[in-house]
Structure formats: structure tokens, C-alpha cells
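Have the viewer open as you read.

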Amino acid sequence: MEQPRFDFRHNNAVYWAAFDPAGQTLVTASLDNTLKLWSLESGALLHRLKGHVDGVSSAAFSGDGSKVVSASIDRSLKVWDSQTGSLIATLTGGHQNHVTCLALAKSAPLAASGGFDNLVRFWDVSAGTAGAPGTGHTGAVKAVAFSADDQILVSGSDDSTLKWWEVPTGKALRSVRAHAGSVECVALPGSGTLVASGGEDRLVKLWDATTGKPLTTLTGHTRFVKSLAFSPDGKTLASGGYDSVVQLWDVNTSQSVRTIRAHRNTVYSVAFSADGNWLATASFDRSIKVWKLG
Amino acid sequence: MLDVFGPKVVDAKQAFCDRISRRSLLKIGGLAMGGLSLPQLLEAEARAGVGRSHKSVIMVFLSGGPPHQDMVDLKMDAPAEIRGEFQPIATNVAGTQICEHLPRLSQMMDRISVIRSLVGSEGRHAAFQCLTGRNVNRQPPGGWPALGAAVSKLQGAVDAGTPPFISLSPKMRTGTWSDPGQAGYAGLAHAPFTPNRDGTVSLQLSGITSEQLGDRQQLVTQLDLLRREVDANGEIEGLDAFYQQAFGILTSDRLASALDLENEDRRLRDRYGYGSDEPAGYGDAGPLNNQHFLAARRLVEAGVRVVTLAYGRWDWHGRPHGTNFENARDHLPMLDQGLTALLEDLQQRGMDQDVSVLVWGEFGRTPRINKNGGRDHWPRVACAMLAGGGMQTGQVIGATNRLGEYATERPIHFQDVFATLYRNLGIDVNTATINDLNGRPQYLVDHSHYQPIHELF
């Protein structure tokens with residue numbers, strides 16, 4: 001079996017992995033209440049970020065890579081200095097229940113989060129303030145993702161729907177019943193007009209981002225699909241599932257082009273580096289594996 | 001390595017001038033030997049038919065309540081919302097199946113007895129009932145002693161350098177899980193030694209030279225300081241034993257050596273597997289550290305009579321903390337490795353007839369899987385695994401109904417299990433008593449209702 005370039009560990013399930021824009025550092029978020037920053041040159045653990053009092057569900061680098069923003073089951077977001085690992089700010093008051101997902105806009109200090117309170121929230125990360133709540137979901141919000149131009153946010157929920165939101169007003173634009181059962185993950189490519197969603201029904205679906213019309217369905221996972229990410233060129237879609245499997249899909253042909261069976265539990269996160277050369281997969285099995293592509 | 005040795009720099013507010021903390025001395029004070037004289041102890045052992053042999057117990061507390069129906073009592077005839085995700089696998093005991101995520105255990109089932117009908121849980125998220133066999137409410141004056149405290153009281157120490165009762169549980173956010181076991185009316189002298197809890201400084205008392213250690217006057221002076229504190233708190237029982245035990249431990253490396261796993265063969269350490277000393281569940285619950293199983297074996301080998309440890313977080317209510325099944329896929333293979341290593345190790349050392357191993361939690365989990373993929377608390381029935389101790393193994397005791405809701409055959413109470421452990425330790429629950437703080441003799445279990453599990457003998 002092919003070996004990953006790096007095999008990092010947390011002391012509990014790993015819920016998220018994200019590359020910095022320069023592709024030098026990986027941030028990982030875990031149910032052990034911490035985040036870790038890893039060097040992708042040496043594989044060394046650079047910092048362990050402690051401060052959340054419950055599992056950390058998601059994390060992302062700011063556009064310039066200088067900050068990491070994290071979202072936690074403890075209902076808060078935190079902003080960290082990615083160089084020193086020090087805590088800069090804690091953002092609270094936006095959610096009345098677990099925060100389960102997070103996305104950062106690329107062009108502004110703007111974050112969006114979703115939670116078990118069924119809300120979508122926009123945040124001014126610089127000011128540390130929450131905007132008006134995005135209401136409409138009737139189940140926990142499991143996933144949020146910005147469009148390439150940061151003008152649209154798409155969310156997925158336990159209520160089986162995908163919703164389109166205007167950024168940053170939070171005005172609801174569109175709602176689509178997307179999956180049988182919960183929507184577990186959402187991804188938008190860096191360019192183009194697609195939305196990808198994964199669900200409890202074991203399916204990956206592609207949607208027209210402009211119209212919300214369904215385009216195609218990718219089948220192959222044997223349990224619910226938990227994580228999705230587009231490659232930077234938009235040609236490849238990675239998915240991870242409750243079946244512990246990672247699939248790489250050719251977006252044009254809708255065919256699986258590679259299957260990675262290296263985890264022993266649900267794959268909660270998949271992420272491509274900005275240059276498209278690396279794939280990180282994070283799992284409930286406590287590991288993060290970094291794969292060289294191509 | 002276990003987190004046995006505490007910080008070298010002790011909080012100045014807590015430390016004496018030579019940097020021994022009051023707390024550490026108090027802890028060592030809590031190790032004191034039981035109240036029996038050596039002749040009394042020998043007589044008691046002879047009466048119990050155990051001679052001079054060293055019987056002991058290793059109790060693994062699965063903090064949070066393990067899912068009985070996903071481990072040793074799978075319900076394949078139940079509907080999907082109850083049955084769960086896992087498949088049963090055959091074991092080396094004909095007709096007995098357990099979860100597919102316990103493959104090593106499946107091949108050692110002949111060394112285990114499974115109780116599928118554990119009843120009597122008070123439904124409290126606490127180690128208390130697993131440590132004492134009793135309910136929290138309506139305790140007698142002084143409180144129920146934990147198993148280890150009662151054994152310490154009745155049998156004393158095997159060796160002057162090792163306390164009879166050790167809890168490897170660390171501090172946790174949920175204090176009721178991290179409860180190491182109270183001394184109760186057995187007296188403070190029989191409280192557990194708790195090397196993995198915060199505030200315990202080195203057993204070698206870092207900062208003290210051997211010359212200083214040999215300076216009896218210095219130590220006595222410090223003990224006197226402590227004594228004044230203890231007197232002020234009314235905790236004066238067992239101070240003679242306190243002195244003896246403190247000196248015993250300080251002048252023997254037996255306990256420190258047992259806790260230093262670097263002394264152990266690397267291949268054996270690998271066989272047990274590893275893990276983290278951090279709480280297994282998002283800042284709470286026991287650590288999922290298989291080296292604690294190894295430490296437990298080394299401790300009983302060194303003379304400890306009762307070792308307890310909290311292991312993992314088994315309180316699996318579901319997302320966003322992972323489904324019951326994701327957590328089971330995480331924890332069960334670890335338990336499988338650690339427990340089978342312990343049983344193998346005990347057998348290879350010829351200790352399996354003397355050491356009773358018990359694995360259980362405070363309750364079972366709901367038959368119906370909740371909307372978040374979890375199972376909630378279910379005190380009506382739970383499971384336990386027993387091994388060693390000279391018991392008849394390779395059997396399943398009791399049964400539950402088709403949905404795993406309640407016991408249908410041979411309900412076994414927590415106190416039945418305790419009666420069994422006491423029997424294995426050479427203590428007759430029908431005659432042994434300890435006086436509560438009112439001077440009233442208290443039996444170790446309610447023996448009019450609960451007795452050793454006869455199928456095991």
C-alpha cells in the first residue's frame with residue numbers, strides 16, 4: 001500500500017486539516033480540544049494550540065497565512081497567530097450550541113460558521129463581531145463554503161438541504177433539497193460554477209452554483225460522505241467517508257480515479273495544498289496523512 | 001512512561017522549605033498499612049485458606065458506561081435502529097460470539113467470563129459504584145470504603161514499600177469519573193495511593209538527598225508539621241501506620257520501580273500498546289493508555305493488592321463528539337490489545353490464578369440509537385468481563401432480551417461481583433466486617449442478597 005509522506009497524530013479524533021497558502025504548514029483540529037501546526041518541510045510539530053474547552057471542529061488559515069481561525073464544539077471561534085501559536089481573540093455569542101463548521105473568505109477578514117443551533121453566522125474576524133444570523137435551516141448546519149469570489153456562501157444541513165447565502169448580508173438566496181438524510185459536507189472549487197455536496201445517502205452530488213440545478217451524482221462510498229475538497233485547478237474532487245475511504249474523482253468524467261484505504265475510521269476532512277501537489281486526509285482514527293499527488 | 005513523577009518545582013505555597021509538599025506527604029500518609037498485626041493478618045489469611053499467597057485485583061473502569069450490545073452481547077435479531085453496525089465474530093469458546101472489533105479477545109475467550117446481565121446500576125455517571133459496589137446515597141457514617149480500602153484495612157500491605165491500594169486514575173474534569181475510591185469508614189490510612197493525579201511529587205522526593213532522607217529527625221519534623229494540619233482537620237486515624245508507610249515507601253524503591261515502565265522489556269511494552277495520558281474524551285474521562293495495564297501488572301507483582309484504573313471515555317451520546325460506533329471503532333481495538341496483553345502477561349508470569357481482572361463501567365447504553373448516532377445511558381442492564389483469580393472462565397453468565405433492554409437470565413448485581421472479588425482475595429463476605437464511624441460492624445456487601453457468583457467457582 002502506498003505510504004503517506006507524513007503521518008501526524010492527535011490524541012483524539014481529527015476533524016479538520018487545512019494547508020496554509022504557501023503550502024509550508026498544515027493546521028489540524030481535533031476532538032482532543034487542540035489544534036496543531038505541522039511543518040510540511042520537516043514534519044515537525046510547530047505548535048499545539050490550546051484554549052478550546054471542547055473538540056475543535058474546523059480551522060482555516062487567513063488569506064495571508066498569518067492567522068488561523070478555529071471553530072469549536074465549545075460554541076466559540078478563536079483566532080491564533082500562526083507563527084507563534086498564541087491566541088489573539090476569542091469570538092463568542094454567535095452560536096447557542098456546538099459550532100460544527102467554518103469557512104474563511106479569501107479576500108476579507110470574514111468568516112462563516114454553522115452549528116447545532118441551525119444557524120449560519122458571518123463574522124468580522126478583525127473586529128471579533130458576529131453579524132445577523134442566517135436562519136432557515138431546520139437541522140444542524142454541518143458544512144459551509146465560500147464561492148471563489150467570496151460573494152456567495154453555501155451551507156449544508158441535517159435538514160437535507162443546501163442553502164445559498166448572500167455575503168455578507170446573510171440574505172438567503174436559494175434552498176435545494178440535496179440528499180436523502182443529512183448533508184454532511186460542501187465544497188466549491190477555486191474557479192468555475194460548481195457546488196459539490198456529500199450526504200448521509202452515501203452520494204456525492206455536483207450542482208450548478210448559479211442555478212442550483214443538479215448536474216451529476218458520484219457513487220462509490222459505502223457509508224455517508226463526510227468530507228469534500230476540490231483541487232486548486234478544479235479538475236479533481238476528493239471525498240472522504242464514514243467507510244474510512246478516500247476517493248479522488250475526475251470532475252469531468254465523474255469517475256473515481258484513485259481510492260485510498262489508509263484510515264481505520266471516518267475520514268472527516270480532505271484538503272489540497274494550494275499548488276495541488278499534496279492531499280491531507282484527517283480521520284476519527286486520530287491520524288492525519290499527507291499524500292504526494294502526481 | 002507514566003506520569004508518576006511530578007513537577008520538580010513544587011508550588012511554593014504548598015511546599016516545605018526543602019521542597020517536599022504537604023500534599024505529597026499527606027498522600028503518602030494515606031498509604032498507611034491496615035490495622036491488623038502481622039499475627040492477625042496471618043491468622044486471617046489462614047482462615048480464608050489463602051496461606052501467604054498474594055491475591056490481588058486489577059479493576060479497569062470504562063469511564064462513561066460501555067455499550068454492552070456493541071461489545072459482548074450483540075443483538076443481530078433486533079431492528080437496525082437498535083442492532084447497530086457491528087458484526088459478531090466467533091470466539092474460541094463454542095457458541096459464544098463477541099464484537100468484530102475485539103478479535104484478539106475472541107481468541108482468548110476461554111480465559112474470560114462475560115456477564116451479560118449486570119444489574120443494579122444506580123445510573124450515576126460515577127466510578128463510585130464500580131469502586132465500592134454501593135450506591136452514593138444513604139452511606140453509613142464515614143462512607144462506604146472502596147474495594148481497595150476495605151482490602152487494605154482487612155489485609156494490610158504485602159510489602160512495606162508498596163501500598164495495598166493504588167488508583168492509576170488521573171484527575172479529570174468530571175470528578176465522579178476520576179474518583180480513585182474513597183477510604184470511607186476504613187479510615188484515611190487506607191485511601192488509595194494515586195500517582196497519576198496532579199500534585200503528586202516524585203516518589204523519590206526530588207530535591208531530597210539520600211543523606212537527607214536518612215535524617216529521620218528532618219522527616220519527623222516535617223511529618224509533625226503535617227500532623228498538626230491533619231489534626232486540625234480531624235484526620236488523625238492511622239497516624240502510626242502513616243509513619244510506617246511513609247518510611248516504608250521512602251526507603252524502598254519497590255513502588256517507584258514498579259511504576260517506571262522504562263524498566264520493562266520493550267517488546268512487552270509494544271505488545272500492550274501505548275496511548276496518551278491525556279483524558280480520552282475532549283478534556284475529560286480516563287486516559288486511553290494501554291501502558292496503564294502494564295503498570296497495573298507491575299504493581300500487583302510488586303505487592304499491591306488492588307489496582308484500579310480509569311480507561312477511555314465510553315460516554316458515547318453521538319455527534320458532534322463522534323457516533324457511538326466511531327468511538328467504538330476507536331476504543332475497542334485499543335481495549336482488545338491492552339486487555340489481551342495483560343491476560344497473556346499474567347499467565348506467562350504464573351500470576352493468572354492469583355490476579356483477578358475485572359473490566360466494566362457504571363451502566364450500559366440505550367438499545368435505541370439516537371438521532372446523533374449515539375447511545376445514551378441505560379442503567380437497567382450492563383456487561384462485565386472477569387478473568388483470572390482462579391475463576392472458571394470461558395463462559396457467558398446471564399442473558400438479556402432480544403433488544404438488549406433487560407436481563408432475562410441470571411441477573412448479577414454489582415455487589416455479587418464485589419462478593420466474587422472479595423472471595424478471590426480470600427475474604428469471606430459472610431463474616432468479614434469493618435466498623436463504621438459509629439462503631440457498627442458493616443459487612444463488605446449486603447450478603448443476605450449478594451454472594452460470589454457460583455458459576456465462577
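Start at the second largest pocket: 24 residues line it, and E200(A), R223(A), F224(A), R319(B) and G373(B) lie nearest its centre. Here a pocket is an open set of points on a 1 Å grid over the protein atoms alone, where a 1.4 Å probe fits and protein lies on both sides within 12 Å along at least five of seven lines; lining residues have an atom within 4 Å of a point. The volume is about 520 Å³, taken as the space filled by probe spheres set on the points. By class, the lining has 11 charged residues, seven nonpolar and six polar, with Asp, Glu, Lys and Arg counted as charged, Ala, Val, Leu, Ile, Met, Phe, Trp, Tyr, Cys and Pro as nonpolar, and the others, Gly among them, as polar.

Before going on, some housekeeping. This is a predicted model, where local features need pLDDT of at least 70 and side-chain atom pairs count only at pLDDT 80 or more, while totals for chains, interfaces and linings use all residues. Residues are numbered from 1 along each chain, chains are lettered from A in the order written, and side-chain values use heavy atoms, without hydrogens and water.

Now for the charges. Over all chains the count comes to 29 salt bridges, each being a side-chain nitrogen of Lys or Arg within 4 Å of a carboxyl oxygen of Asp or Glu. One of them joins D70(B) to R375(B), with the closest N and O atoms 2.8 Å apart. That pair spans 305 residues of the chain. D70(B) counts as buried because its relative accessibility is 1%, where buried means under 20% relative accessible area, exposed over 50%, and partly exposed in between (1.4 Å probe, protein chains only). R375(B) is buried too, at 0%.

D315(B) and R365(B) also pair up, again with 2.8 Å between the closest N and O atoms. They sit 50 residues apart, R365(B) in strand β10 of chain B, and both are buried.

R349(B) and E264(B) form another bridge, at 3.7 Å. R349(B) is partly exposed at 34%, whereas E264(B) is buried at 12%. Both belong to a network of salt bridges that also includes R297(B), R298(B), E301(B) and D345(B).

Which side chain of opposite charge is nearest to R329(B), which is buried yet has no salt bridge? That's E85(B), 4.9 Å away. R329(B) does touch residues of chain A, including Y242(A) and R264(A), with contact meaning heavy atoms within 4.5 Å.

Methods. Lys, Arg positive; Asp, Glu negative; His and termini not counted. Helix = DSSP H or I, 4+ residues; strand = E, 2+ residues; numbered from the N terminus. Lists of a residue's contacts leave out its neighbours within four places in sequence.
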